[in-house]
Amino acid sequence: MMVAPILEMKNVSKHFGVTAALSDVSFEMFPGEIHALVGENGAGKSTLIKAMTGIHQPSSGEIWVDGSARILRTTQEAQVIGITAIYQEPMVFPDLDVAENIFINHHSRSQFILWNDMYEEAEAVIAKLGVSLDVRRPASTLTLAEQQTVEIARAISLDVRVLIMDEPSASLSDNEVQRLFSIARSLSSQGVAVLYISHRLEEIFALADRVTVMRDGTHISTKVIDDVTNESLVTEMVGRDMEGRFARKPSTATGEDMLTVQGLSKNGVFSDISFSVEKGEIVCFSGLVGARRTDVALALFGIDPANSGKVSIDGVVAKISSPKDAQELGIAYVSEDRRKFGIAMDESITSNITLPMMNKYSNSVGLIDFDAESRDAIEFRMRLNIKAADLVSPVGALSGGNQQKVMLAKWLNTAPRLLIVDEPTRGIDIGAKAEVHQILHELAAEGVAIMIISSDLPEVLSLADRIIVMREGRIAGEFIGDIATEGNVMHLAVGAGVQMEFA
Amino acid sequence: MLSSISKKLGPNGQRVAILLLVLVAIALFFSSQIQNYLTPRLFVRISTSVSIIALISVGQAVVVMTRNIDLSIGSVVGCTAYFLGGILASFPDLAPVFVVLLAMGIGACFGLVNGLLVSRLNLPSIIVTLATLALFRSILVESSDGSSITTGSLPIWLIEFARQNMFVVGGFKVRWMVVIALFVVFSMHFFLTKFRAGRQFYAVGSNPDAAEFSGINLKRTVLQAFLISGALAGLAGFMFLARFGNITVVAGQGLELKSVGAVVVGGVNIFGGSGSIIGVLLGATLIDLIDTSLVRWELVSEFWREAILGLLILFAVAMDTLLARRLLGGRKPNPSDKEPEKTKLASGRVKESST
Amino acid sequence: MSTENFTSRIVKALNSWEGFLLLVLVLLFVGNTINSPFFFTLNNQINLFQLSIEKVIVAVIMTFVIINAEIDLSVASIMGFAACLFGWLFQSGVSASGAVVIVLAAGAILGAFNAFWIAWVGIPSLVVTLATMIAFRGFARVLVEDRGITGFPDWFDKLGQAPLVGPIPLSILVFFVLVFFFYIVLQRTVFGRQVYFIGSNRDVAEYSGINVRGVQAIIFTLSGLISALAGLLFAARLGAVRGDAALGFELDIITIVLLGGVSIFGGRGTMVGTLLAILIVLNLRNGMALANITGHIQTGVLGILLILSVMVPNIQEWIKKLRKLGKGTVE
């Protein structure tokens, strides 16, 4: 290209402790281009965005804007030179109207607010986006898509030159996505460089001029969109030999259904989910962020019950409207978010492990049998190899992998017959990962039905007896574990190419 | 037709309209119960006492908009009135304008203490101001040695001021005090609606993260809110002194609760981010009207007023909560976002767990 | 080896907040004893307890409320209401013993009223109890208006004033029974464990199958009940009730609990900490009184203590930083 780039990332690396989130990433963005950024979960996309918008500072490497190196210490500084990001969850002031959301604290505004002028200018900015929106409506009455529009308008009013859109379409309807596309195109025609991050490949082919692939914190390729295909993108994103196999343990499935789900639906979240899990079987749920896998799990566990559909346990129709109900039916749910929903970090290891089963450790008047508690906690420490100096310290003092094991112990202690594990190994090291996998295999061998939600494809392929792929709240397809490959699972998850036959 | 009117008014306008209707209804109700109720005297009485309550309620409103609360406001009024009385007894020749500024300055100092503790040290405002409520009062008691300020020790102009009318229309005397209070209230309304510096209070209360993202200084905004609240309480202290002349150590006790009542009934969201000063003025009027009228109503004792105030606050908050829930009902909250974001304090502190 | 273990345990205990409180308490004792020979007498010790006994009784249940990450500002109003209701019932000809039962039930009902708005409607406890603090005080005033009611039966007044076991009056006995009972409940029962987890992380508690609303309803109802009991003891001790009975007591009560190391954000604190804080505050007040410092200054000092006690996490952070600086460790 003849034009000079607006933004250049030059050999940018970012380390958190010993782990490298970004290593040696270089790429550039030109005015007026729509540049797609793709990669699996954990490929380093969000760290890259944070480095571009001043939230993180690179450990090494430089960010060049308009041909000179710049240091971005805050989002403010990034905004001033024209780099702004909008996220899946828009950041608006719910109590203020659209115009004010656009212009609050805007450097060009005078101290005295001329409301009518402001409304007119807001309308002009919104008009630039080619959409219509009443600028006097409070933001709390807007849809998610409209709130995004407001954020984009705010960015434009700040003379944005590089607009980063991080998964903007994840919670939008088809029409809203089309509108978003037209906004992105009109921005690029005005010379703005748009960095568009999405998991949905068809969106990228519809919108982007160039596409950059990242994997494991490194830059893999940047190509003109006409030079890539679905297959080539998926190959680069997955990065491994797509037909490669992993050492797998033989299935321990018994052929006897433990859980049967028929036509489970929740308005606006997921619909028509039907599947079953056998005793001793490991079923993995694969899919992208926003595929609503966790929502299905939360419905089964009674946190957010479904609107319709039938759930049967051992062939008997079950009504699950609270975690207590679920527990009594032998269901346990290990959350993906340890800190928020999994364990209370300030409380002791022992009390976290025994929390859901307190009745087991108390006599008729509710006095706790501390000895029995610590006996079981010690047993779990040995069984799961939890590395902790003592069991009365707060869980927060442990490493991520050991916290994960404590969370697992907490639910194993309920002696579940159906164990739902959401992202069982996210953010823990390789050793702990292998141990967790080993534990899951042992449980399956004992006859526990296991349902795993994981975005880690190698993990899914090595663990699963069966893989169910979800996409946008629906089941997109199903594979037998032995014959599935990363490639065909990924294809189904991103919605690329033909619908897979049910294996 | 009703719905189209209400649509035109917007949420704030709706609240003001409802408050006006309720005010009229209550006035009509009491006029049917109490003989010689709707008279110019009632107007004078209510307008003077509302002018004091309205001032502190407006200050309270600004604090509440930023997701905080100022429970020390009654002690600030009492302290200011008392200290000002003491100063005037020693220096009776001070210029009136200077006295007013002095009152606001004294109040602002108290506000500064609250504001610094809340914004710089990240302490919850409810606890800080609960503590300073007692602390300020004990400073007052201690420095007074139990003696009171009396009318006799005050300059004449001050006592006169409280009774001076700006103008009289058909028996309705409009006191200078009322005019000044209304001027301040409308100035604040103007400031909060027309100035960027005023809109910051709404922005900070509405979404602290977004406010920070837009480059608004959270700590400074919260500090400003407490300064405004203190200064307005100081001004109210001046009026309190002028109106009552005799100031004991319990002066202003309980005003903090009345101001919270006026703010909540006036439609300021107790969780921050929205509300109008006009609504607060009407809320203060409503509460004072009920107070004053109960004293004269024979069927029910005046001692019901606190009970009614408390239940009124609860009712207003419950209505707001349920309405807000209905409005949000159509939108699905993000599953990872279950905890209401409003629990984050505007000072930036969230509950942290150790790592 | 065992001695080493023992010493390290002592060091650890003294390093905790409770250890610090114990140290403060000992210092207070020593200081007060030097200051006034009258301090360290049994009579004075009983007296200092009795003067604030109603507050410290409520502090026991307030410990539950705040560990649960909630707050109850209405306790003092419930105390006042309970005292006034008792006086009103008594004046209306209800027997004193019957009135006691009715008052306790009424206290529980007011607590349940708070619980309804907090647990089921979902309004923050801060707002609900701020409103009911005003409303319940209003109920008390409606009952007795501006009168004072006295002339309760002898046995009732004696309950509050006269020694019952040795030199110890009933109210102090009630207090120690309650402390012991609620210590067991908080530290040794499933319910207590649930209180901690809800305060520590409400979502985790809910995901673990704990009935969060139920636990909260029980706590607030108990808070009402215990406050009513304290209000009755207050009436018995003074032998008279007025509309402003126990006005402003919530400040002292919350101060004690926070000073005891209970975090205003929930999840942290112990009954032992609260007990130590109770002893500290009582001795501080008593010491100040013996040193002729007036009640209002005492309240002011408590106000400062309250601010300091919410700053405990800040202070601990500063100490950590100072230590790091001292050691020169690099993160």
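For "transmembrane region", the UniProt record (an unreviewed entry) lists residues 20-40, 96-119, 126-144, 164-186, 217-239 and 297-315 of chain C. The model is predicted, and it scores ipTM 0.85 and pTM 0.85. Chain C has an average pLDDT of 88, and 95% of the residues score at least 70.

**Annotated spans in chain C**

- Residues 217-239 of chain C are 96% helix and 0% strand, with 33 Å between the end C-alpha atoms.

**Chain B and its annotated spans**

- Chain B contains 13 helices and two strands.
- Of its 355 residues, 48% count as buried.
- Among contacts in chain B with a separation of 6 or more, 78% join residues 24 or more positions apart.
- An unreviewed UniProt entry gives "transmembrane region" for residues 12-30, 42-64, 71-91, 97-116, 174-192, 222-242, 263-287 and 307-328 of chain B.
- One of these spans, residues 71-91 of chain B, is 86% helix and 0% strand, and its end C-alpha atoms are 31 Å apart.
- Another, residues 222-242 of chain B, is 100% helix and 0% strand, and its end C-alpha atoms also lie 31 Å apart.

- After H13(C) comes Gly261(C), which has a positive phi near 95°.

- Most residues other than glycine have a negative phi.
- Ala69(C) is not a glycine, yet its phi is positive, at about 70°.
- Ala69(C) sits in the loop between helix H4 (53-67) and helix H5 (75-91) of chain C.
- Ala69(C) counts as buried because it has 22 C-beta neighbours inside 10 Å, and the cut-off for buried is 20 or more.
- Asn292(C), also a residue other than glycine, has a positive phi near 60°.
- The loop that holds Asn292(C) lies between helix H14 (271-290) and helix H15 (295-310) of chain C.
- Asn292(C) has 6 other C-beta atoms within 10 Å, so it counts as exposed; the cut-off for exposed is 12 or fewer.

**The largest nonpolar core**

- The largest nonpolar core has 372 residues, and those that touch the most other members are Ile420(A), Ile313(B), Met79(C), Ala82(C), Ala83(C), Phe86(C) and Leu232(C).
- Helix H10 (residues 218-244) of chain B gives the most to this core, with 17 residues.
- Apart from neighbours within four places in sequence, Met79(C) is in contact with Glu54(C), Ser227(C), Ala230(C), Gly231(C), Phe234(C), Ala245(C), Ala246(C) and Phe249(C).

**Contacts with chain C**

- The contact between chain B and chain C takes 37 residues from chain B and 34 residues from chain C.
- On the chain B side, helix H5 (125-144), helix H11 (255-265) and helix H13 (304-328) each give two or more residues.
- H13(B) gives the most to that side, with 13 residues.
- By class, the side of chain B that touches chain C has 26 nonpolar, five polar and six charged residues.
- Chain A also touches chain C, with 20 residues of chain A in contact with 17 residues of chain C.
- Helix H10 (323-328) and helix H11 (338-342) of chain A each supply at least two residues of the chain A side.
- That side of chain A has 10 nonpolar, six polar and four charged residues.

**An open sheet in chain A**

- Four strands of chain A form an open sheet with antiparallel pairing, in the order E12-E11-E14-E15.
- Strand E12 (270-278) and strand E15 (316-317) of chain A are at the edges with a single partner strand each, so one side of each has no neighbour in the sheet.
- Strand E11 (residues 257-266) and strand E14 (residues 308-313) of chain A run antiparallel and are joined by five bridges.
- Thr260(A) has Ser312(A) in E14(A) as its bridge partner.

How values were computed. Residues numbered from 1 in each chain as written. Chains lettered and ligands numbered in written order. Predicted model: local features only at pLDDT ≥ 70, side-chain atom pairs only at ≥ 80, totals over all residues. Contact = placed C-beta atoms within 7 Å. Nonpolar A, V, L, I, M, F, W, Y, C, P; charged D, E, K, R; others polar. UniProt positions renumbered as here; feature names shortened; annotations may be inferred. Core = buried A, V, L, I, M, F, W, Y, C linked by C-beta atoms within 7 Å. pLDDT = per-residue confidence, 0-100. Pairing = 2+ DSSP bridges.
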